[in-house]
Amino acid sequence: MTGQRYAHILKGTAIGLWEWNILTKEVIFSEEWAKVLGYTADEITHTETLWEDLCHPEDYQKSQQLLEMHLQGESSFYESEVRMRHKDGRYIWVKDQGKVVSWKDGNPEWMTGFHKETTLAKIDAEIKRTFIDQAPGAIAMFDTQLNYLAASKQWIIDYNLPEDIEGQNHYDLFDIPERWKEIHKKCLAGETHQAEEDEFFDRTGNPFYLRWQVKPWYRNGEVGGVLMQTSNLTTFKKLQIERLRQSRFQETVFNAIDVGIVACNEKKELTYFNNTSREWHGLPSEPVPASQLSKYYSLYQANAKTLLPEKDIPLLKVLEGRQLGDNEIIVIKTSDRDRYVRVTGNQLFDEKNNLIGAVVAMHDISEIIKSNKEKIISETIFKSSFENAPIGMALVSPEGQWLQINHRISEILGYTKKELVALKLQDIVHPDDFEPDSILLDKLLQNKKVNHQVERRYFHKNGSLVMGILSVSIVQNEQDTPLFLIKQITDITKQRQSEEDLNRVLKLTKNQNERLKNFSHIVSHNLRSHSGNLSMLVSFLKEELKGGQGELITMLDSASSQLAETIDHLNEVTELQINDDAELKPVRLKDYIKFTENTLAALIKETGVNVIDNTQPGIIIHAIPAYLESILLNFTTNAIKYRSPDRASYIRFTTKKVNGEILLSIEDNGLGIDLNKYGDKLFGMYNTFHSHKDARGIGLFITKNQIEAMGGHIKVSSTVGKGTTFDILFPYE
């Protein structure tokens with residue numbers, strides 16, 4: 001009787017019973033268990049796999065884990081909530097509970113339980129959670145311990161909380177004052193507390209205002225927790241100011257953008273135009289009535305020739321509800337040019353949805369139109385340039401297939417375009433060059449390089465080798481995916497043959513130069529020996545004659561001295577040519593000027609020449625020290641040698657930086673040089689320009705060569721009777 005009473009109770013509550021023999025795998029389901037899923041008891045197959053067959057795949061594993069935990073004694077009973085497939089094909093939520101009721105040999109034997117549908121409860125909870133989550137205001141739902149059950153998006157935003165707030169405690173997230181803790185206690189006791197306006201202060205001390213309410217929520221007649229709702233009144237107080245700011249901002253933007261904006265009312269009167277449209281159309285500052293519309297608002301069709309009739313004016317078309325084309329283009333004629341514009345627009349309605357006007361935006365696409373025209377021209381030019389290029393050009397796919405080939409490649413390799421398309425690169429590239437080319441190509445395709453240029457050998461159709469410079473660049477789309485390669489081949493076969501011929505000539509010339517250099521050494525050395533012997537013999541002859549030498553001896557002595565001097569000059573020039581690759585060193589210019597002054601101190605004192613050093617201290621130049629000494633001594637002695645007897649003489653050294661070089665100016669106020677007469681001979685060998693007894697015409701020749709050997713340059717300016725200035729450009733450290 002008791003069993004039947006319990007059966008009737010369970011039947012009334014729509015709870016389905018089940019029994020499971022864990023050892024024998026026997027399963028027994030009640031009629032109500034089947035009814036929950038829309039079946040009759042006869043339609044249910046009492047097998048162990050029935051649960052898996054009907055359970056949603058995403059929930060089955062979870063339920064099995066919970067079941068295993070109970071069988072292992074880790075939980076006092078088994079409980080899970082899963083989705084099960086109803087007879088009509090839909091999934092319903094079912095809460096399943098059970099417990100081991102008998103054991104055999106220490107192992108669970110029989111387990112009994114029940115399940116009931118919780119779809120409505122689940123939906124109801126989801127609706128509540130969704131309602132709170134999607135609520136436009138800041139709302140949060142808490143349990144009795146002030147743990148978050150749900151919170152609206154606005155609550156998350158207002159209080160800067162993480163989105164996965166559910167389960168976290170309100171007191172852990174905020175430093176809650178005692179005042180609010182007391183309010184929470186009263187609400188949990190059933191009271192509702194609220195304030196229309198409450199003042200708070202943020203962490204920086206700035207005030208803000210809230211309207212808030214805290215009230216209990218109930219479950220089965222008991223308080224299940226509290227609901228909190230807040231509204232930030234500060235935002236509303238600032239709303240008018242913000243709206244005004246936005247309005248002014250929009251006005252500023254409208255007047256600043258290069259888009260013409262025009263609006264009219266329902267009477268076709270122009271009521272608004274921004275600065276751009278006013279500038280384009282020459283519109284006045286006040287509204288334009290419909291009767292004067294064509295006077296100010298003249299528009300042309302896209303051909304820029306035909307005036308747009310009133311019915312086709314975009315603003316009026318929009319006002320009348322006619323659709324603008326996707327590519328509605330018109331032309332506005334301004335004083336300086338025709339302006340092509342693309343037009344978009346919308347009707348304007350008041351709060352009661354009454355039509356009050358229309359607005360259009362005119363986007364200047366003149367540059368796009370121009371660009372499209374230029375693109376067509378560019379493509380035409382490219383096609384012509386590609387086909388008629390003097391170098392071989394080809395478009396190749398990333399897989400190595402020829403896409404396009406110009407005529408020059410066919411000429412270089414001897415194949416027709418059709419034959420080349422049928423060939424692979426390895427068929428025409430020298431095998432020793434193909435592997436490195438593949439490595440470079442991989443780097444291009446992997447975005448490690450944007451282009452490369454290498455020398456390659458190709459096989460001509462006739463079997464001969466073609467030497468070429470291969471330039472490769474890659475073309476990619478916006479996603480950096482390689483589209484194709486541009487390959488350019490320049491035939492350098494003839495150049496390479498010419499280089500080989502030139503190298504042979506250079507090698508021959510180098511050998512000849514070496515022999516000439518050796519010859520100059522031999523001549524210089526042997527002439528010096530013979531000159532020395534001749535000078536010695538003349539000296540012995542003069543000694544032997546004891547002053548009785550005649551005119552012939554005097555002439556012989558003079559010729560011997562001149563020969564010795566000529567050989568010295570020859571040695572200097574030879575040494576200059578030999579040492580033209582001597583190493584440049586950083587030297588301090590002022591130290592070498594001081595050295596020159598000390599070396600010539602006796603001569604300077606004797607002649608009374610004033611040496612003025614106005615060079616900048618610390619100037620470092622690149623020079624060959626021996627050459628620099630020779631240059632400064634040469635110019636200084638020349639300035640002293642060719643000083644003017646009519647005035648106090650000086651030589652002045654000055655420096656300045658000029659385009660990365662040091663300009664040394666050596667100025668004197670001596671006799672000067674007639675550059676019109678001697679300018680092209682000034683630095684020649686054995687050229688003299690004055691009748692001075694010591695003039696030899698070798699110093700300037702050697703000095704110029706020394707300067708140029710150091711990478712420098714020399715210029716001269718001179719006026720007869722006033723003086724001379726030599727400007728020397730030195731490399732600058």
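Helices (DSSP runs of H or I, at least four residues) and strands (DSSP runs of E, at least two residues) are numbered from the N terminus. The structure is a predicted model, in which local features need pLDDT of at least 70 and side-chain atom pairs count only at pLDDT 80 or more, whereas totals for chains, interfaces and linings use all residues. Residues are numbered from 1 along each chain as its sequence is written, and side-chain values use heavy atoms, with hydrogens and water left out.

The protein contains 24 helices and 29 strands. Of its 733 residues, 34% are buried (under 20% relative accessible area with a 1.4 Å probe, protein chains only). Among contacts (heavy atoms within 4.5 Å) between residues at least 6 apart in sequence, 48% join residues at least 24 apart.

An open sheet is formed by five strands in the order 2-1-7-4-3, with antiparallel pairing (pairs require at least two DSSP bridges). From one strand to the next, the twist averages 25 degrees. Within this sheet, strand 1 (residues 16-21) and strand 7 (residues 110-117) run antiparallel and are joined by six bridges; Asn21 stands opposite Trp110 in strand 7. Helix 4 (residues 57-71) packs on the sheet, touching strands 1, 3, 4 (91-100) and 7, and its direction makes about 160 degrees with that of strand 3 (axes are lines fitted to C-alpha atoms, for helices over the stretch in contact, with angles from 0 to 180 degrees between N-to-C directions).

The largest pocket has a volume of about 960 Å³. Its lining comprises 28 residues, with Tyr159, Phe174, Phe200, Phe208 and Leu210 closest to the centre. Strand 11 gives the largest share of this lining, five residues.

One cavity of 30 Å³ or more is found in the whole structure. The largest cavity holds about 70 Å³ of space and is lined by eleven residues, of which Trp402, Leu425, Tyr458, Lys487 and Ile489 lie nearest its centre. Helix 16 (425-428) and strand 22 (482-491) each supply at least two residues of that lining.

Conventions. On a 1 Å grid over the protein atoms alone, a cavity is a set of points where a 1.4 Å probe fits but cannot get out, and a pocket is an open set with protein on both sides within 12 Å along at least five of seven lines; lining residues have an atom within 4 Å of a point. Grid points are joined across faces, edges and corners, and a volume is the space filled by probe spheres set on the points. Buried means under 20% relative accessible area, exposed over 50%, partly exposed in between (1.4 Å probe, protein chains only).
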